[in-house]
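Colleague: I'd like to learn how to read a few features off a model. Could you walk me through them one at a time?

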Amino acid sequence: MISIRQRKGIQTTEVSEDYTAQEENAKLEDKLPSSCTSRRLWKILSFTVGGTVALCIGLLTSVYLATLHENDLWFSNIKEVEREISFRTECGLYYSYYKQMLQAPTLMQGFRGLIYDNKTESMRTINLLQRMNIYQEVFLSILYRVLPIQKYIEPVYFYIYTLFGLQAIYVTALYVTSWLLSGTWLSGLLAAFWYVTNRIDTTRVEFTIPLRENWALPFFAIQIAAITYFLRPNLQPLSQRLTLLAIFISTFLFSLTWQFNQFMMLMQALVLFILDSLDMLPAMKVTWLYGIQLTGLLLVCMLQFFNSMILGSLLISFNLSVLIARKLQKNLKTGNFLNRLGKLLLHLFVVLCLTLFLNNIIKKILNLKSDEHIFKFLKAKFGFGATRDFDANLYLCEEAFGLLPFNTFERLSDTLLFYAYIFVLSITVIAALAVAFRNLSDSTNQQSMCEMGKYTIGLKPETAYNLIHTILFGFLALSTMRMKYLWTSHMCVFASFGLCSPEIWELLLKLIHLYNPKRICIMRYSIPILILLYLCYKFWPGMMDELSELREFYDPDTVELMNWINANTPGKAVFAGSMQLLAGVKLCTGRTLTNHPHYEDNSLRERTKAVYQIYAKRAPEEVHALLRSFGTDYVILEDSICYERRHHRGCRLRDLLDVANGHMMDGPGENDPDLKLAGHPRFCEEIKKNLPTYTAYFTRVFQNKTFHVYKLSRNK
C-alpha cells in the first residue's frame, strides 16, 4: 500500500482513512468521544458484513465449481468405473491410494500397504508415503472410516466435496488478502468476482480434482494472507504469535500436499531476500519467515521418511546460505549509495556461491538424482544448449510447460482484470523503485527522516511483499504456462487492492492536481462498484448458460478395456504401457504397473524410457527382453500414441524416442546429421501385422478402436 507521507504517531487501521482528513479532524475527534464510539461501531459492522460476504462468496464459488463438474460428466449418474476413469493421468494414481486405504481390512494394514507397496512399480517395493505426497488421501480415508457417514455419502463424493470445499477456503483467503491490503472488504469482493469470471485461467479443479496443486494452493493462499498481516507494523505480541502460528501451519500443509512446494517457496524466499536487501522489510520478521520455511519443510521431510529430494532442495540450501551470509556481513545496510550497492552485490555473490556449494555437497552425500530432470528441462528451456535427453524433451514438448499463450491476456482483458493489474502494478513499481533508491542512498538517517515526514512516497511492508511476489510469480507463469494458476489468482488480489487503495488514488490525484479527500473516497468505491456491475452484466448470462449446459462422460473404449482387464486377467498380472493409461489401470483394476506418472524418481524415469520402446524402432526380441525385465505380463498399445498427430514433428513421443536412440525421425523434414536409419521398423506398427517374429513373443488378447493388448510369452 502506498502512502503519501509518513507522520509520527499515525497508524494504519484495517479500514484505511485519508491521512489529510485524519489530520484535519484529529482535534475534533479527541473532543467528541461519541465520534470514537460510532467509528468503533462502524468498524465492527464493516468487519461483520465483510466477513459474512467472504464466507458466502467462498461457499458459492465451491458450489459453482462442483455444479460445473457434475454437469460436465453427469457424475451422479455414470458407473463407478467411469467415475474413476474421469480421474485422468496422475489424478487417478493419487485417488487409487484413497481407494486402497478404504478397501484395506484395517487402518494398520492400509498403512502397511502404502509403506511396503509392490503394486505401483513391479518387482520393486517402495514406500509411497516417502515417494509421493499422499498424506491427504490417508487423512481423508481415516475420516471416512471413522465418521458415521458411510450411509449418507459415497467415498468418491466425500473426496471430491472435500476438494471443492477447499476451493471455498481458497477464495476466502484471496478475499481476505485483498481486504488486508486495501482496508475495505469491497476489494475482496472484487477479487473473488475476478477469480470466478476468469475461471479458465485461475483454476482447473473441476476437471483435475485430485491434482496436488488443488490441495496445496488453498493453504498457499492462507499463508500469503497471514504473511500480509504479519508484515504490518506495530502488531500486538499476541497477534504476532498467532499470525506466526498460522503461517507455520499453512506452510507445513502446503509443503505436505504438493511435491513442487520447494520450488514455490524458493520463489517466496527470493521475494524476502530482495526486500530484505533493499531494507523494505523488518529484518527480524524476514528471519522468522526463513525459519518457518525451513522448519515446515524439514518436518515434512521427517513425515516423508526423510525424502532425499526435500533434503537436497535448493530452498534449504538458499535459506541457510542467506542466514550465514547475513552473519558474515553484519554492516550490510550502512554507507552511501555506491558503498551499499557494492555490499549488496557482494552479498548476492556470497549467497549464490554458498547456495550452489551447499546444494552440491548435500546431493553428493545423498547421491540425489530425483530432480535432475527438472534442471535439464530448465537448461534446455532457457536456451543453454539443445538437449536430446528424453525426460527433458518430454516436458519441453508439452504445451503446459511452454510459454504462456497470448490469448490468456485477451481473456483477462475481457474482464478488465489485466488492465487494472497493469495500472496498479505500474504505480506500485514506481513507488518501490523510489523507496529502494531512497533506502540505498541514505541508510544512516533513514529512520529519523521518515519519522519527521520528509519523504513523500512510502511503500508499506505488506504491499512491498505482495508486489515482488506478483512480479516473480508473473515471470514464472510467463515462462511456464502450467504455473499460471499461481499468478492469475494473485493478480485478482493485487488489482482489486490497488483500485480500492486510498493511497494510490491520492498519489494520482496529486500528480494531476485534482487532489481532494472526497474525490479519493469517490474513486476508491465508485470504480470497483462499476467494475462489479460490468462483470455481472457481461458474464452473468454466460455463467447461467454454462450451468444449464448438460454433458455426459463418454469413453467407451477405455471402459471396455478396464472391464476386460478385470474379467480376464489374474489379480497379480503386471501391465506395461503409457504412464497416463497405467494410472487408470491401477485405479480401476488394482493390477500391478511397470511405470506411472509420478516422475520424481530417477530409476522410474529410466524404467519409463525402457517401457516406451514399444513406440520406438526396436526388434521384437529387444522389446520383449526389456518388458520381461520388469516382470511384464501384458502390454497395452495405444493408437493415439503410435500414430500421434497432436504434436508437431520432433515432439511426437515416437520422435523423442527415435532421437534419444540415435535414429532418424519419420516423415518429411530435417534430421541431425549424426542420426542414422533404424535397423528395425516401428514396433507398435509392425506388431499388428502378426508376423511370426512378433507372434513368437507377443499374443494379442484384446483390441478395440483405441487399444491393443498383448500377452508376453514367458519361455523366450
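Modeller: Gladly, and cavities come first: searching the whole structure turns up 4 cavities of 30 Å³ or more. This is a predicted model, in which local features need pLDDT of at least 70 and side-chain atom pairs count only at pLDDT 80 or more, while totals for chains, interfaces and linings use all residues. Residues are numbered from 1 along each chain as its sequence is written, and side-chain values use heavy atoms, with hydrogens and water left out.

Colleague: What is the idea behind a cavity search?

Modeller: Rolling a probe the size of a water molecule over the atoms shows where empty space is left. Here a cavity is a set of points, on a 1 Å grid over the protein atoms alone, where a 1.4 Å probe fits but cannot get out; lining residues have an atom within 4 Å of a point. Grid points are joined across faces, edges and corners, and a volume is the space filled by probe spheres set on the points.

Colleague: What volume does the largest cavity have, and which residues lie nearest its centre?

Modeller: Its volume is about 110 Å³. The lining of the largest cavity consists of 13 residues, with Tyr-170, Leu-174, Ala-221, Ile-224 and Ser-489 nearest the centre. At least two lining residues come from each of helix H8 (155-182), helix H11 (212-230) and helix H24 (484-499). Helices (H or I, at least four residues) and strands (E, at least two) are DSSP runs, numbered from the N terminus.

Colleague: How many residues of that lining are nonpolar, polar or charged?

Modeller: The classes are nonpolar (Ala, Val, Leu, Ile, Met, Phe, Trp, Tyr, Cys and Pro), charged (Asp, Glu, Lys and Arg) and polar (the others, Gly among them). The lining of the largest cavity has 9 nonpolar, 4 polar and no charged residues. For the second largest cavity, the volume is about 60 Å³, and its lining divides into 4 nonpolar, 4 polar and 2 charged residues. Among the residues lining the second largest cavity are Gln-167, Tyr-170, Arg-204, Glu-213 and Tyr-485. H11 gives the largest share of this lining, 4 residues.

Colleague: Next, helices. Which residues of helix H20 are buried?

Modeller: The general idea is that an α-helix has 3.6 residues a turn, so residues three or four places apart point the same way. Buried means under 20% relative accessible area, exposed over 50%, and partly exposed in between (1.4 Å probe, protein chains only). In helix H20 (residues 407-414), Thr-408, Phe-409, Leu-412 and Ser-413 are buried. Viewed down the H20 axis, these buried residues fall within an arc of 135°, so they line one face of the helix. The arc is that of the directions from the helix axis to the C-beta atoms.

Colleague: What do the buried residues of H20 pack against?

Modeller: Their partners are helix H10 (199-202), helix H21 (417-441), helix H23 (461-479) and H24. Contact means heavy atoms within 4.5 Å. After H20 comes Leu-416, with a positive phi near 70°.

Colleague: And how do I read aromatic pairs?

Modeller: Rings of Phe, Tyr and Trp (its six-membered ring) pair if their centres lie within 6.5 Å; planes under 30 degrees apart count as stacked, over 60 as edge-to-face and the rest as tilted. By this rule there are 34 aromatic pairs. In one of them, the ring centres of Tyr-98 and Tyr-159 are 5.0 Å apart and the planes stand at 50°, so the pair is tilted. Tyr-98 sits in helix H4 (residues 89-103) and Tyr-159 in helix H8, so the pair ties together parts 61 residues apart in sequence. Both Tyr-98 and Tyr-159 are buried.

For Phe-220 and Phe-473, the ring centres are 6.0 Å apart with planes at 55°, so this pair is tilted. Phe-220 in helix H11 and Phe-473 in helix H23 are 253 residues apart, so to speak a link between distant parts of the chain. Phe-220 is buried, and so is Phe-473.

Colleague: Where is Met-123, and is Met-123 buried or exposed?

Modeller: Met-123 lies in the loop between helix H5 (107-115) and helix H6 (128-131). With a relative accessible area of 63%, Met-123 is exposed. Though not a glycine, Met-123 has a positive phi of about 60°.

Definitions and conventions:
On a 1 Å grid over the protein atoms alone, a cavity is a set of points where a 1.4 Å probe fits but cannot get out, and a pocket is an open set with protein on both sides within 12 Å along at least five of seven lines; lining residues have an atom within 4 Å of a point.
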